[in-house]
Amino acid sequence: MNYQKQIAQTLELNDGVITTADIKAKEIPTIYLTRMVRDGQLTRIGRGIYMSDQGDYDELALFQAQYKKSVFSYETALYLLGMTDKIPQEIHVSVDAHYKFNQKPEHVIVHYVKTADFSVGIESVKTMYGNPVNTTNAERTICDLIAYRDRVEPEIFGKALRLYARQGDFNQLYQMAKTLGMTDSVQQIMEVLA
């Protein structure tokens with residue numbers, strides 16, 4: 001099979017998006033991406049990320065494709081988890097405290113997390129376009145909001161906590177709080193809402 005057919009198949013499987021990592025995994029020279037951009041078959045939408053005309057521009061999935069070690073958190077996690085209907089103006093991501101961006105993207109708020117706590121409470125969810133991304137789960141997100149409530153809009157903070165108080169699992173929340181070493185502050189806030 002020739003390289004362009006392999007690229008076309010990958011584009012079809014990935015909803016019109018392809019990365020240089022996809023190409024390298026198939027041992028296809030990256031010059032083919034450059035040629036396809038030159039010929040108008042692909043558009044370069046980010047470093048190492050290309051999209052065909054059939055692709056959907058899914059900002060969150062594309063961001064995570066480019067920054068694989070990031071996890072959506074705070075207000076972006078609330079949105080992905082269906083805990084707010086407000087579309088975030090900025091993307092909130094958490095990364096390991098030792099992670100360094102070569103060039104920090106615009107409109108992104110980065111939260112650096114201790115290495116021991118970074119992988120706690122991460123789950124895969126689908127964006128509105130159906131693409132899988134990693135985000136903090138509901139319990140981790142609530143703990144993060146409580147820990148840094150002075151950095152969160154009061155309306156978003158209040159709505160998220162009230163929604164969790166109605167629909168969430170307090171045992172899981174307290175287990176998460178215990179893991180993160182913040183049981184007192186979580187218990188204090190959630191008792192007011194219960």
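The largest cavity in this predicted model holds about 30 Å³ of space. A search of the whole structure finds 1 cavity of 30 Å³ or more. The largest pocket holds about 650 Å³, and the second largest pocket about 410 Å³. The chain that carries them has 10 helices and 8 strands.

**Cavity**

- Glu 75, Thr 84, Lys 86, Ile 87, Pro 88 and Ile 156 line the largest cavity.
- Sorted by class, this cavity lining has 3 nonpolar, 1 polar and 2 charged residues.
- Ile 156, one of the lining residues of the cavity, is also among the buried residues of helix α8.

**Largest pocket**

- The largest pocket, with about 650 Å³ of space, is lined by 27 residues, and those closest to its centre are Gly 46, Arg 47, Ile 49, Gln 66 and Tyr 67.
- At least two residues of the lining of the largest pocket come from each of α2 (20-25), β2 (43-46) and α4 (59-66).
- Helix α4 supplies the largest share of this lining, 5 residues.
- The lining of the largest pocket is made up of 13 nonpolar, 8 polar and 6 charged residues.

**Second largest pocket**

- The second largest pocket has 18 lining residues, and Asn 14, Val 17, Ala 61, Ala 65 and Asn 131 lie nearest its centre.
- β1 (17-19), α4 and β8 (132-136) each contribute at least two residues to the lining of the second largest pocket.
- Helix α4 gives the most to this lining, with 4 residues, and α4 also provides the largest share of the lining of the largest pocket.
- The lining of the second largest pocket divides into 9 nonpolar, 4 polar and 5 charged residues.

**Helix α8**

- Helix α8 covers residues 154-167, which makes 14 residues, and it reaches 20 Å from its first C-alpha to its last.
- That reach is close to the 20 Å expected at 1.5 Å a residue.
- The buried residues of α8 are Ile 156, Phe 157, Gly 158, Ala 160, Leu 161, Leu 163 and Tyr 164.
- These buried residues pack against α5 (74-80), α7 (138-147), α9 and α10.

**Helices α9 and α10**

- Helix α9 (residues 170-180) and helix α10 (residues 183-193) have axes that come within 8 Å and cross at roughly 150°.
- On the α9 side the contact is made by Phe 170, Leu 173, Tyr 174, Ala 177 and Lys 178, and on the α10 side by Thr 183, Val 186, Gln 187 and Met 190.
- The contact of α9 with α10 has 6 nonpolar, 2 polar and 1 charged residues by class.
- Both α9 and α10 are also among the helices against which the buried residues of α8 pack.

**Asp 144**

- Asp 144 lies in helix α7, one of the helices that the buried residues of α8 pack against.
- Asp 144 counts as buried because its relative accessible area is 7%, under the 20% cut-off.
- With neighbours within four places in sequence left aside, Asp 144 is in contact with Tyr 74 and Thr 136.

**Chain as a whole**

- The C-alpha atoms fill a box of roughly 65 × 30 × 30 Å along the principal axes.
- The chain has 194 residues, of which 46% count as buried.
- Among the contacts in the chain with a separation of 6 or more, 50% join residues 24 or more positions apart.

How values were computed:
Residues are numbered from 1 along each chain as its sequence is written. This is a predicted model: local features need pLDDT of at least 70, side-chain atom pairs count only at pLDDT 80 or more; totals for chains, interfaces and linings use all residues. Side-chain values use heavy atoms; hydrogens and water are left out. Axes are lines fitted to C-alpha atoms, for helices over the stretch in contact, and angles run from 0 to 180 degrees between N-to-C directions. Contact means heavy atoms within 4.5 Å. Ala, Val, Leu, Ile, Met, Phe, Trp, Tyr, Cys and Pro count as nonpolar, Asp, Glu, Lys and Arg as charged, and the others, Gly among them, as polar. The expected span of a helix is 1.5 Å times one less than its number of residues. Buried means under 20% relative accessible area, exposed over 50%, partly exposed in between (1.4 Å probe, protein chains only). On a 1 Å grid over the protein atoms alone, a cavity is a set of points where a 1.4 Å probe fits but cannot get out, and a pocket is an open set with protein on both sides within 12 Å along at least five of seven lines; lining residues have an atom within 4 Å of a point. Grid points are joined across faces, edges and corners, and a volume is the space filled by probe spheres set on the points.
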